[in-house]
Amino acid sequence: MKILITGGAGFVGSHLADKLHGEGHDITIIDNLSTGRYTNVEHLEGQERFRLIIDTILNAKLMEELIRESDRVFHMASAVGVRLIMEQPVKTIETIFHGTDIVLGFCARYRKRVLIPSTSEVYGKGTSVPFREDDDILKGSTSKHRWAYACAKELDEFLALAHWKESRLPVVVVRLFNTVGPRQTGQYGMVVPRFVRAALKNETLQVHGDGNQSRCFGHVLDVVEALPKLLETPSCFGQVINIGNAEEITIKNLAEKAVEMTESKSEIQLIPYEEAYGEGFEDMQRRVPCLDKAKGLIGYQPTRTLENIINDVANEFRREFKTEIANA
Ligand SMILES: NC(=O)c1ccc[n+]([C@@H]2O[C@H](COP(=O)([O-])OP(=O)(O)OC[C@H]3O[C@@H](n4cnc5c(N)ncnc54)[C@H](O)[C@@H]3O)[C@@H](O)[C@H]2O)c1
């Protein structure tokens with residue numbers, strides 16, 4: 001099949017490209033390399049059935065051409081990460097909403113199956129864990145920029161479901177919970193790579209707030225196994241589906257685990273949210289997915305643990321540091 005992956009030079013998109021290319025599909029990636037990296041897909045360049053286009057998804061003319069010639073579309077391009085959202089709120093909203101509008105519009109015109117990733121952020125301030133796809137949602141005020149990401153993604157969900165309702169566009173919406181693994185950079189505030197990198201360098205690990213907020217981390221390889229299955233299962237069309245891992249850990253315990261597993265001498269320091277993100281930042285205390293729907297639809301069952309994640313991320317950083325030293 002001909003598969004288009006927007007944002008395919010990013011963290012999740014590049015693992016998806018590896019998997020689908022490995023299965024013999026023709027892969028086209030469009031990415032503007034804003035948070036994605038060329039090195040994530042460099043190994044695919046020059047191979048048959050692979051094409052990387054460096055451009056923006058906001059280029060509607062190009063997107064029409066790419067979607068028309070594809071059999072499947074995975075729309076992974078997005079403004080991502082809490083830090084980016086706090087620093088560039090206008091770009092965040094425009095990229096997420098306008099970009100998805102373009103993708104869905106052409107997928108509807110040419111009747112293409114399309115997967116739209118959303119995020120556990122849409123659960124907002126919900127406290128009744130685990131989060132189920134049809135839960136009511138409460139978010140903060142519009143003066144708190146953090147919620148812009150969640151609201152823009154939520155609008156993407158509404159638009160995707162509206163296309164399904166009006167024209168039966170075969171679209172699947174996936175709410176990804178924290179997804180981690182090799183290739184994710186800590187640059188935009190992602191906590192696991194940030195902690196593991198600091199631990200390996202014996203630098204201080206900065207935990208925001210009191211560290212009692214908890215998260216669940218899914219290995220990117222479990223996630224990219226699930227995404228194509230969802231798009232190949234017609235009972236998933238017009239559905240919103242959680243994907244992640246339900247193993248929960250507080251951020252403080254995560255920092256301790258990263259230090260312990262890397263045999264680091266790092267200290268752990270608590271810093272207030274305002275210092276990390278500026279005024280007006282609100283966080284969610286817990287974020288645990290209910291995975292029953294994904295299990296029922298595609299038999300989804302993550303197999304990789306948090307220890308697997310920390311080991312894989314640490315091993316990648318060790319390789320990177322060796323190359324840096326060799327090139328110095
Ligand atoms: N990683 C997670 O924990 C997580 C959690 C929830 C949702 N998601 C969603 O999964 C998707 C992939 O996220 P990721 O973690 O791989 O992030 P990422 O930043 O690594 O990937 C996003 C990619 O989109 C590209 N991009 C951004 N704007 C673009 C534009 N205008 N035109 C073309 N390309 C553009 C970036 O360069 C990057 O390669 C996103 O939709 C994100 O919202 C991820």
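A residue counts as near a molecule if its C-beta atom, placed from the backbone, lies within 6 Å of it. This is a predicted model, where local features need pLDDT of at least 70, side-chain atom pairs count only at pLDDT 80 or more, and totals for chains, interfaces and linings use all residues. Residues are numbered from 1 along each chain as its sequence is written.

**Exercise 1.** Find which residues come nearest to the ligand.

*Solution.* Start with the 28 residues around the ligand: Gly7, Gly10, Thr35, Gly36 and Ser78 come nearest. Next, look at the elements, where helices (H or I, at least four residues) and strands (E, at least two) are DSSP runs numbered from the N terminus. H1 (11-22), E2 (26-31), H4 (89-110) and E5 (113-119) each supply at least two residues of the shell. H1 gives the largest share, three residues.

**Exercise 2.** Work out which residues of helix H8 (residues 251-261) are buried.

*Solution.* A residue is buried if 20 or more other C-beta atoms lie within 10 Å of its own, exposed if 12 or fewer, and partly exposed in between, with C-beta atoms placed from the backbone. In H8, that picks out Ile251, Leu254, Ala255, Ala258 and Val259. They lie on the same side of H8, because they cover an arc of only 135° around the axis, taken from the directions from the helix axis to the C-beta atoms. Finally, just after H8, Glu263 takes a positive phi of about 50°.

**Exercise 3.** Is Cys236 buried or exposed?

*Solution.* First locate Cys236, in the loop between helix H7 (220-231) and strand E11 (239-243). Then count: Cys236 is buried, because 23 other C-beta atoms lie within 10 Å.
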